[in-house]
Amino acid sequence: MATGLVSGSSNLHCRVKLYKQRCHKEASWASGLTFNSCTKKDILRSSGASKFLQVREHEFFRTLITDNRTPFRTITVSCLGNGSSKYFDFAVVGSGVAGLRYALEVSKHGSVAVITKAEPHESNTNYAQGGVSAVLGPLDSIENHMRDTIVAGAYLCDEETVRVVCTEGPDRVRELIAIGASFDHGDDGNLHLAREGGHSHHRIVHAADMTGREIERALLKAVDDNPNIFMFEHHFAIDLLTSQNGSEIYCHGVDTLNSETQEVIRFISKVTLLASGGAGHIYPSTTNPPVATGDGVAMAHRAQAVISNMEFVQFHPTALADEGLPIKPTKIRDNAFLITEAVRGDGGILYNLGMERFMLLYDERAELAPRDVVARSIDDQLKKRSEKYVLLDISHKPSNEILSHFPNIAAECLRYGLDITRDPIPVVPAAHYMCGGVRAGLYGETNIQGLYVAGEVACTGLHGANRLASNSLLEALVFAQRAVQPSIDHMGNSSLDISASASWARPVVPLSLGSSILAEITLRTREVREELQSIMWEYVGIVRSTNRLKLAEQRIGELEAEWEEYLFQKGWELTMVGLEACEMRNLLCCAKLVVSSALARHESRGLHFTVDFPHLEESKRRPTIIFPCSPVKGTWSSQQLHKQLHC
């Protein structure tokens, strides 16, 4: 793994892979895909919750990848029987806003598999409270939104990306409304636009404090009604299926583990979109749901994708601090409960436990400063005062306003004896959003042919060194749409080789080890996960230093080696897969990417603050790039499982 700061400007796009240049260089497969008297209802009846397509065995054939086009022909697809390989025009990994919005568009041109790790609604989108930022008010402008984004991003943002997102954002919001998303309106009948930290104008479209949930609801309904989209729940993405022809790498789909049936299911597709979200669970406290274990970034890294800006981990300054609640929760939460930025945007004030307002000591914007500033300020207060949380008070606002704007937060706090219309809310920073990820161009393209990315898994250059509040859903919508046309073009220039499934060794479920051994492995893996999270919080948190980062690098390497040695001593083999083991290798991979990137940046910028280089350096205003890892060397965690038999 080679890590470094790219010389030159901060422009993030892989210009040698520009979409227009790529149209004539795609891998050619043998055929298109059509349905033979097969409807979505037929598939539902024949396979229950797992919708599948099974190609008749006598139609299998093989076509090698070449630079020459093979004449188009049609494959008849039958709905009969269960199969371990499935064939689609488009495979989408992730069921958040990026994946679903993309699926709805490309479904007009072919069959789509949406592969999701848990239930379809379980995504970071569903937990997004604040809203979608877009220029929809008469006093606002694209230039204002761009300036706010670039300032919040500590001038590391790619200006072209920022312009594209801010310009196209309003249309993407209108499309959501047309699909059926219902947002709050003011007394004048117009959309109610909120303001959050870092924004100079009111521009946040929202549905109370449950905006993500409303967007997810509307998109899932549209997907469910779409006959060309097939949802595969509880399918954990293991590795991308790739091949190499000269210097070009091609993606042909993804291997998955059905965590309910313990079957390995292979998806062969002409186009793959990674929209798998972030990696919040490399830390012990995160607002992310349990599914956010960095699977997409880790898979892409193993597949030789370029990764960028992983040092920029956003810690949301205000997650609910359970220790400060009158009634303590009876069990540890899977993820921290988010107190939306909009509470501060609506007038919420931060106090330490001595009831001293402290934000003005750190920034003239006070509570409306960008998240990185607020999180570091809270962290400083906690360390100086040896306290475990601070207080966020909105009780000075009228009760009816509080309850109408933040009903979900009010209800959650009330469960634990806290009335936010009268009492301050105990809050503490928690890992929230990854500003880095798989390096993407202006159309969501990657350096791997046929692989596109959108949402938190992607590093588009929009966020720079720090994400502006409510720009994440916006970015996901814009890039999901921008990836559509090149995906359609790639699909049209490719063909589906239904014998290709045999080209890669299959991962295997380790049932042969026996239940007692598997239970021991699971227990040890959970312990390793907690150890990794502890290392990341202690050494790679809100404030960093070179020595502590190097110590983290060493300890993570040792932890990974010890865990892998334990696995193989227990009989684990290179091609074996299990949900928790695969999540663990992805968490280890992402943690190493974060540490490596942090060590490469010798300045403090945005979310990356280090005491050894406390100042912002203009000469270092460029993205961190992690080039593809070696396909041969490395640990079990760093290798694609389906390639193990060929190493």
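Predicted model: local features only at pLDDT ≥ 70, side-chain atom pairs only at ≥ 80, totals over all residues.
Residues are numbered from 1 along each chain as its sequence is written, and side-chain values use heavy atoms, with hydrogens and water left out.

Let me begin with the sheet, where five strands, in the order β1-β21-β13-β18-β20, form an open sheet with mixed pairing; strands here are DSSP runs of E with at least two residues, helices are runs of H or I with at least four, and both are numbered from the N terminus. Two strands count as paired if DSSP finds at least two bridges between them. The edge strands are β1 (2-5) and β20, each of which pairs on one side only. β1 and β21 (residues 624-627) run antiparallel and are joined by four bridges, and within this pair threonine 3 has isoleucine 626 of β21 as its bridge partner.

Now to the two residues. In general, most residues other than glycine have a negative phi. Glutamine 304, although not a glycine, has a positive phi of about 85°, and is found in the loop between α8 (295-302) and β13 (307-308). Is glutamine 304 buried or exposed? With a relative accessible area of 12%, glutamine 304 is buried, where buried means under 20%, exposed over 50%, and partly exposed in between, using a 1.4 Å probe and protein chains only.

Serine 470, likewise not a glycine, has a positive phi of about 65°; its place is in the loop between β20 (458-459) and α13 (471-482), and serine 470 is buried, at 5% relative accessible area.
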